[in-house]
Amino acid sequence: MQTGALSDVKILDLTRVLSGPYAAMWLGDFGADVIKIEMPVKGDDARFTPVHVNGNSTFFAAMNRNKRSITLNLKDPEGKAIFLEMVKQADVVMSNYRPGVMERLGLGYEDLCKVNERIIFATVSGFGQNSKYAQRPAYDCVAQGMGGIMSMTGVEGGGPTRAGASVADITAGINTVVGILTALHARTLTGKGQSVDIALVDSVLALMPSESMRYNVTRKVVPPLGNRYIGNSPYGAFKAKDRDFMLACGSDKLFAKFCTEVLKKPELLEDERFRIMARRSDNHELVKKMVEDWASQYTAEECVDIILAAGVPAGPIYNMEDIYADDYFVNDREMLLKMEQPGIGELTVTNNPIRLSDTKSAIRRPAPLLGEHNEEVYGDWLGFDAAKIEELKNKGIL
């Protein structure tokens, strides 16, 4: 197996469903030894999430490659003792239980520090560990709503709209990775671990620094604008002869290129309605009509080619069928990789988007079956033999 950038990092992963498992998967992609700890019999709730093939969840498979699965009942005193023995050897513990759960189990950060002062304890929750909303349950849609992004997403004149992807969960997962890596580096300076506290709602708000600043200055709330951007025009989706495409004149210089080389109307640059970005934004409806009158002569693909030839950013609007058909994703960037998943067969999974020149990410193992690595992990970490593991299993601890 290829040595990864994090091959010396041992992680005990207690997370479930999406945000935490996604973070742990990224760390595993770069070589961390991720031990996924699941409840006996049932395991991660994601194992029951559609779509299923041969009774196995493809959702689970998409979030849990590069991990080993063990079962352990943390509510049992002996199970808790086993976990604390493993913490002594671990670098990171990850949890996305609701705030207070780990503390009630006697497994909060302060408890873990007593057995390993170098431990990094990363938690993902809806509203953080210590806030007035800490005990509120939260899923991705709740975080999208409260984090502000839904209020400005949707058809112009319409109501708020959830982003199609689970942006709160995924962004929180990425922030968890950044937090863990930062804490690991800090440990090389201080010799001590620390807690990492990530909230879904915070992660959504952090996606919108410019929007927050705009409100801070103007005290005006931005409503849903469809595919239009409030601060610029033309910037967004425009109709061609067959379908929409994206155009981004993100500066006065690019707009000048668009007028002279695409529209062939340099005189527009002398029109006070369009001369500077702020005025174009005020007159966005006129700008949109101007662009779409030109684009109506061409297909979206032709529009994109003509605009790109002029050195102005433009692109198609892809769905998943388009993405799977584009060699850019399949071969150039290898963002879609095939993986053999036990119980399912061949799956195409989304690759890690981070590219390192030497210690690259890799799919070292598929998502694990529940408790698949009990003997292997407990044997390696704690020296348990097969008889001991069978005894613990019979007690309901594994």
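Started with Asn54: I find it exposed, at a relative accessible area of 63%. (I count over 50% as exposed, under 20% as buried and anything between as partly exposed, using a 1.4 Å probe and protein chains only.) Asn54 sits in the loop between β3 and β4 (56-57), and its phi is near 55 degrees, a positive value in a residue other than glycine. For the labels, helices (H or I, at least four residues) and strands (E, at least two) are DSSP runs numbered from the N terminus.

A note on what I'm reading: this is a predicted model, where local features need pLDDT of at least 70 and side-chain atom pairs count only at pLDDT 80 or more, while totals for chains, interfaces and linings use all residues. Residues are numbered from 1 along each chain as its sequence is written, and side-chain values use heavy atoms, leaving out hydrogens and water.

Next, Asn66. Buried or exposed? Buried, with a relative accessible area of 5%. Phi is positive for Asn66 too, near 60 degrees, and the residue lies in the loop between α2 (58-63) and β5 (67-71).

Then I looked up cis peptides. Pro50 and Val51 are joined by one, omega about 10 degrees; Val51 belongs to the loop between β2 (33-38) and β3 (52-53). Ser233 to Pro234 is also cis, with omega near 0 degrees, and Pro234 is in the loop between α9 (209-218) and β9 (235-239).

On to Ser125, in strand β7 (residues 120-125). I see it buried at 6% relative accessible area. Leaving aside residues up to four places away in sequence, Ser125 touches Pro99, Ile198, Ala199 and Leu200 (contact means heavy atoms within 4.5 Å). Its side chain reaches the backbone nitrogen of Gly128 at 3.0 Å.

Last, a helix pair. How do α10 and α12 lie relative to each other? Their axes come within 12 Å and cross at roughly 30 degrees, so α10 and α12 are roughly parallel. (Axes are lines fitted to C-alpha atoms, for helices over the stretch in contact, with angles from 0 to 180 degrees between N-to-C directions; under 35 degrees counts as roughly parallel, over 145 as roughly antiparallel, 65 to 115 as roughly perpendicular, and the rest as oblique.) Phe255, Phe258, Val262 and Leu263 in α10 meet Met290, Val291 and Trp294 in α12.

Note on methods. Polar contact = N/O pair within 3.5 Å; in protein donor to acceptor, adjacent residues only side chain to side chain.
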